[in-house]
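Work through the exercises below with the sequence and the structure at hand. Each task is followed by a solution in steps.

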Number of protein chains: 2
Amino acid sequence: MFDWDDIRLFLAVSRTGTVRGAAKQLSLTHATVSRRLHQLEEKLGTTLFDRTSTRHILTEAGQNILETAQEVEAGMARIDRMAFARDSRLAGLVRLSMLDSLYLAIVQPFLGRFQARHPMIEIELITTDYLSNLAQREADIVVRITKTPPDSALGRKLADSPLACYAAEGYLADRPKLDRWIALTHEPARQPILSARTVLTANSLIIARDHIRDGLGIGLLPCFLGDQTEGVTRMPGIDPIPDMEIWALMHPDIKNVPRIRSAMDFLYEIFDEQRVLIEGSAY
Amino acid sequence: MFDWDDIRLFLAVSRTGTVRGAAKQLSLTHATVSRRLHQLEEKLGTTLFDRTSTRHILTEAGQNILETAQEVEAGMARIDRMAFARDSRLAGLVRLSMLDSLYLAIVQPFLGRFQARHPMIEIELITTDYLSNLAQREADIVVRITKTPPDSALGRKLADSPLACYAAEGYLADRPKLDRWIALTHEPARQPILSARTVLTANSLIIARDHIRDGLGIGLLPCFLGDQTEGVTRMPGIDPIPDMEIWALMHPDIKNVPRIRSAMDFLYEIFDEQRVLIEGSAY
DNA sequence: ACATAGCGGTGCAATAATTATCCATGTTTG
DNA sequence: CAAACATGGATAATTATTGCACCGCTATGT
């Protein structure tokens, strides 16, 4: 029988399409991935990928086993979660995935309170741009800004996150025509100012915020960010757009793990306390 | 994430109950199994087994993941079979599991014909006493003497295998009282001679046959074996017992593999040719 | 047309895993 | 009750695996 662990490499290559990409995902070198992939193919007696010059493409045999390999992966992830769920200590690591801007604005100022309450729990902040996979336990808790929380995950709505239109404080006096627009990649074409030309599209809220603050244009920002930023004001006459919601999500399998529950409770608490600020209703 | 291959060790230990037994199954040393098991437990953050002095017993955590681990194992076996199913050569290995006595009596005399027909196909005979697992591909084809073929497997009935009562040729003249009985472990208490005392119970047909031939007692044998044995005759006045059937079985996933199909066809053929002999209807 | 960046494969040195062996302990057996 | 057996763990020698550097190749952009 083949080495079961090689199925993980097979999946990584099938997803990334390249041996080097898979190696990066798995924290290995491409040499190792290449060798073990060949070894797997030899053991199975079948070639799993067509090696084109640019990328690895699944052969028919590879497509055949792909679905089963994914089921196996889900099973392995389940084993991981079930073992994790038995950890009853109020100690250890909690991996929290959320936007860095949201973390900085809402969570970070009160983190000391959490640390005082649970000194043995360590928080790891994950701010990758892609959505961390709860099933694979890439993160324990994901705070996501979304309209449609997935019902496979378990969690609670923390707050609304309306968008408002911001400009640098001196901007309006200098450029009454409002012709320069800073857009968010996440918010395609939600542009209340009719005639403005988009001069920048950023996928980072922080970058967009900084550009707006520096007077390079106007644009939408979540209230929790814009209202907290020095040198930036809301555009008068434009009401906030009720838009996204902020959800804290975790996998059902780990909901009873004490440290996860503590971290969740803490999130509920601090978002509740800062609701007025987040939802921008003070203005 | 833990090494997926370690789940295989976990399953082997949970089945055998000992690290050494698992190591034997997996063709490893007990040191390797022990070390990797500890490594898995450390990665999962849970202890999987209670180490008693005699055997490893699953902890609650171990029981929790056992079922999922078995699903994962089934998936891996499926991947193995699906890859195997793509081998379109009329060459390679066919692993055949059957009783050695049946093989010697029926298959072996005609094996030359198969080899002449398919010179590149190699037959491996597996005569373990436990039933080879088709799903795990411990054997490709299992010939089983049974009353109830499992419907999860695919195959065909090759023949009936009635039992008849045999004695050494001089036996009846010497010992008209028929008081010594040679029994088969597989056939508990199927004893047509009323007053005989069981003097030997053998799990090997060959052993039982040899004892009967050597005049140590009388007993039941499948006709294919007894009728072929020099120096042994059926007891007069006792009709053969229609009893078991001989089935050739394979896993549905590999039914279209050419060399498996060839081997199956060969089995059908030679059992058909020797039906009279196997079913003992010539007497 | 040329340079560049990214790709997968290969040889070699370093590292990690596996084996073989010994040991202590507890259990079964005569 | 002693002795033989089997178990899991620990340690040194061997073996296998990995990472690194380099290679030739292709696609792409200047």
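This is a predicted model: local features need pLDDT of at least 70, side-chain atom pairs count only at pLDDT 80 or more; totals for chains, interfaces and linings use all residues.

**Exercise 1. A salt bridge and the burial of its partners**

Solution. 
- Step 1. Asp140(A) has a relative accessible area of 1% and is buried.

**Exercise 2. A link between distant parts of chain A**

Task: Which residue meets Arg81(A) in a salt bridge, and where in chain A do the two residues lie?

Solution. 
- Step 1. The side chain of Arg81(A) meets that of Asp253(A), at 2.9 Å from N to O.
- Step 2. Arg81(A) belongs to helix α4 (residues 60-84), while Asp253(A) sits in the loop between β11 (241-250) and α10 (258-273). The pair is 172 residues apart and links distant parts of the chain.
- Step 3. Arg81(A) is buried, at a relative accessible area of 6%, whereas Asp253(A) is partly exposed, at 28%.
- Step 4. For the chain as a whole, take the contacts with a separation of 6 or more: 71% of them in chain A are between residues 24 or more positions apart.

**Exercise 3. The surroundings of Asp87(A)**

Task: Where is Asp87(A) placed, and which side chains make polar contacts with Asp87(A)?

Solution. 
- Step 1. Asp87(A) lies in the loop between α4 and β3 of chain A.
- Step 2. At 14% relative accessibility, Asp87(A) is counted as buried.
- Step 3. The side chain of Asp87(A) is joined to that of Arg89(A) by a polar contact of 2.8 Å. Another polar contact, of 3.1 Å, is made with the side chain of Arg259(A).
- Step 4. Leaving out residues up to four places away in sequence, Asp87(A) touches Val257(A), Pro258(A) and Arg259(A).

**Exercise 4. Salt bridges between the chains**

Task: How many salt bridges are counted between chain B and chain A, and which residues form them?

Solution. 
- Step 1. The count between the two chains is 2. Over all chains, the count is 45.
- Step 2. Glu60(B) and Arg86(A) meet in a salt bridge of 3.6 Å, N to O. This pair crosses from helix α4 of chain B to the loop between α4 and β3 (92-97) of chain A.
- Step 3. Glu60(B) is exposed, with a relative accessible area of 54%, and Arg86(A) is partly exposed, at 35%.
- Step 4. Glu60(A) forms a salt bridge with Arg86(B), and the closest N and O atoms are 3.6 Å apart.

**Exercise 5. The interface**

Task: How many residues does each chain bring to the contact, and how much area do chain B and chain A bury between them?

Solution. 
- Step 1. The contact takes 29 residues from chain B and 29 residues from chain A.
- Step 2. The two chains bury about 2900 Å² between them, and 70% of this is on carbon and sulfur atoms.
- Step 3. Within chain B, the residues that lose the most area to chain A are Trp4(B), Ile79(B) and Arg86(B), together 26% of what that side buries.
- Step 4. Across the interface, 8 residue pairs are in polar contact.
- Step 5. On the side of chain B that touches chain A, α1 (6-16) and α4 (60-84) each supply at least two residues. The largest share, 17 residues, comes from α4(B).
- Step 6. By class, that side of chain B has 16 nonpolar, 5 polar and 8 charged residues.

**Exercise 6. The span of a helix**

Task: What span should helix α10 of chain B have, and how far apart are its end C-alpha atoms?

Solution. 
- Step 1. Helix α10 of chain B covers residues 258-273, which is 16 residues.
- Step 2. The expected span is 1.5 Å times one less than the number of residues, so helix α10 of chain B should span 22 Å.
- Step 3. The end C-alpha atoms of α10(B) are 22 Å apart, which agrees.
- Step 4. Buried residues in α10(B) include Ile260(B), Met264(B), Leu267(B) and Phe271(B).

Note on methods
Residues are numbered from 1 along each chain as its sequence is written. Chains are lettered from A and ligands numbered from 1 in the order in which they are written. Side-chain values use heavy atoms; hydrogens and water are left out. Helices (H or I, at least four residues) and strands (E, at least two) are DSSP runs, numbered from the N terminus. Buried means under 20% relative accessible area, exposed over 50%, partly exposed in between (1.4 Å probe, protein chains only). Contact means heavy atoms within 4.5 Å. Buried area is the accessible area (1.4 Å probe) that two parts lose on being put together, summed over both. A salt bridge is a side-chain nitrogen of Lys or Arg within 4 Å of a carboxyl oxygen of Asp or Glu. A polar contact is a pair of N or O atoms within 3.5 Å; within protein, one must be able to donate a hydrogen and the other to accept it, and residues adjacent in sequence count only if both atoms are side-chain atoms. Ala, Val, Leu, Ile, Met, Phe, Trp, Tyr, Cys and Pro count as nonpolar, Asp, Glu, Lys and Arg as charged, and the others, Gly among them, as polar.
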